[in-house]
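I opened this entry to keep track of what I looked up, going from whole chains to a single residue.

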Amino acid sequence: MTSADVMAAVRADRSAATEGDPGAFEAAVRPHYAPLIRRLVLVLGDPHDAEDIAQDAYLAAFRSWDRFDGVDVRAWLYTIGLRLAFNHKRGRKRWLAAIGRMESRTWADPPDPDLWAALATLDPRTRSALLLNVLDGYTHAEVAGMLAVPEGTVASWISRGRTALRKELDPGP
Amino acid sequence: MTIDDDSDLAGRLAALEAQAPATAAPPTLPTRRRRGRFAISMAMAPVLVLVIVATAAAGAAVVANLAQGHPGIQNPGQPMAGVHMECMTPPDAAAALAVHGFKDVVWQIEGGDPNRKDSTTSTQRPTPPEHGFVIPGSLLDDGSVIMVVDQRIGATGVGDCFGSPMP
């Protein structure tokens with residue numbers, strides 16, 4: 001089944017999916033589930049949190065399936081997942097502070113430790129904007145829509161993110 | 001290791017993300033059994049209607065019984081209007097009632113500490129107590145009168161004598 005076929009099925013069967021037949025939803029969204037987890041690992045830094053948030057995002061997407069505009073299912077799922085991740089990050093920070101712990105669990109053995117450490121210096125929103133732009137090719141305007149912030153903010157985040165990564169990865173003489 | 005340009009950065013980010021752990025399967029989606037629930041709802045509809053009707057009827061009967069209000073004996077137009085029994089001692093209030101022909105009086109005496117659990121009391125008797133705030137009560141259908149005397153700790157009195165020392 002091609003992407004076009006899947007999206008045609010999405011448009012045709014969206015209402016049926018929300019009324020008890022999850023077939024169309026799963027056909028369209030399931031292929032993006034593992035990529036969402038990986039993206040959330042990079043954004044949150046914690047593989048366990050990433051899986052939890054991805055699960056919540058998948059269920060939230062299913063509940064709001066009838067409101068999906070049928071255009072870009074990956075962008076739609078990522079939008080839900082990233083917004084949940086930001087809320088989660090805020091809540092977790094408060095919780096860790098409350099119990100006197102500031103450290104979080106992290107990916108134990110990343111294949112590119114320098115890049116992983118450099119990413120960790122960015123805040124999650126900057127990381128998200130940078131990844132959506134550099135990896136996925138979304139425009140500043142599209143990223144702004146996904147993260148619900150002004151376009152200028154996204155441009156600033158991406159610029160600062162690139163500069164920070166360069167500085168971390170190539171500190172110079 | 002350094003990054004030379006955006007394509008290098010994109011390549012390294014893509015490689016990093018591709019190897020991030022993602023082994024969990026998606027959660028099981030909830031399914032809705034619409035027809036079953038709808039069928040049960042339809043079957044229950046007559047029962048629900050009966051319950052609603054019965055509740056409304058019972059409620060109306062209760063409210064009708066409760067709604068038989070009795071006028072306050074000092075209300076405008078009532079025999080003791082303007083007498084201000086709330087500023088009298090209970091014996092003086094009893095005398096004033098007697099002057100107006102009310103000899104069948106029930107004195108309800110509220111006592112105890114309202115700020116402590118289960119420490120308040122409420123008793124009724126045919127004669128007035130010696131002290132306490134008088135709260136002019138109601139004139140019942142049979143011509144008798146209920147008067148309340150508040151002796152509770154912290155009682156304030158009512159009407160024109162609100163806040164004055166307890167008689």
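I began with chain B, whose secondary structure comes to three helices and four strands. The model is a predicted one. Along the sequence of chain B I read the pattern α-α-α-β-β-β-β. Chain B has 167 residues, and 28% of them count as buried. I then looked at its contacts with a separation of 6 or more: residues 24 or more positions apart account for 47% of them in chain B.

Next I took chain A, where I found nine helices and zero strands. From the N terminus on, I noted its elements as α-α-α-α-α-α-α-α-α. Of the 173 residues in chain A, 47% count as buried. For contacts in chain A between residues at least 6 apart in sequence, I noted that 67% join residues at least 24 apart.

I turned to the interface. How many residues of chain B are in contact with chain A? I counted 27 residues of chain B, meeting 36 residues of chain A. The size of an interface is often given as the accessible area lost when the parts come together. Here I have about 3,000 Å² buried between chain B and chain A, with 68% of it on carbon and sulfur atoms. On the chain B side, I listed Leu16(B), Glu17(B) and Leu29(B) as the residues that lose the most area to chain A; together they make up 22% of what that side buries.

Two packed helices are described by the angle between their axes and the distance between the axes. For α7(A) and α8(A), the latter spanning residues 140-147, I noted an angle of about 135° and axes 10 Å apart.

I ended on Asn133(A), which lies in helix α7 of chain A, residues 124-134. Is Asn133(A) buried or exposed? Its relative accessibility is 15%, so I recorded Asn133(A) as buried, the cut-off being under 20%. Leaving out residues up to four places away in sequence, I listed Tyr138(A), His140(A), Val143(A), Ile158(A) and Arg162(A) as touching Asn133(A).

Definitions and conventions: Residues are numbered from 1 along each chain as its sequence is written. Chains are lettered from A and ligands numbered from 1 in the order in which they are written. This is a predicted model: local features need pLDDT of at least 70, side-chain atom pairs count only at pLDDT 80 or more; totals for chains, interfaces and linings use all residues. Side-chain values use heavy atoms; hydrogens and water are left out. Helices (H or I, at least four residues) and strands (E, at least two) are DSSP runs, numbered from the N terminus. Buried means under 20% relative accessible area, exposed over 50%, partly exposed in between (1.4 Å probe, protein chains only). Contact means heavy atoms within 4.5 Å. Axes are lines fitted to C-alpha atoms, for helices over the stretch in contact, and angles run from 0 to 180 degrees between N-to-C directions. Buried area is the accessible area (1.4 Å probe) that two parts lose on being put together, summed over both.
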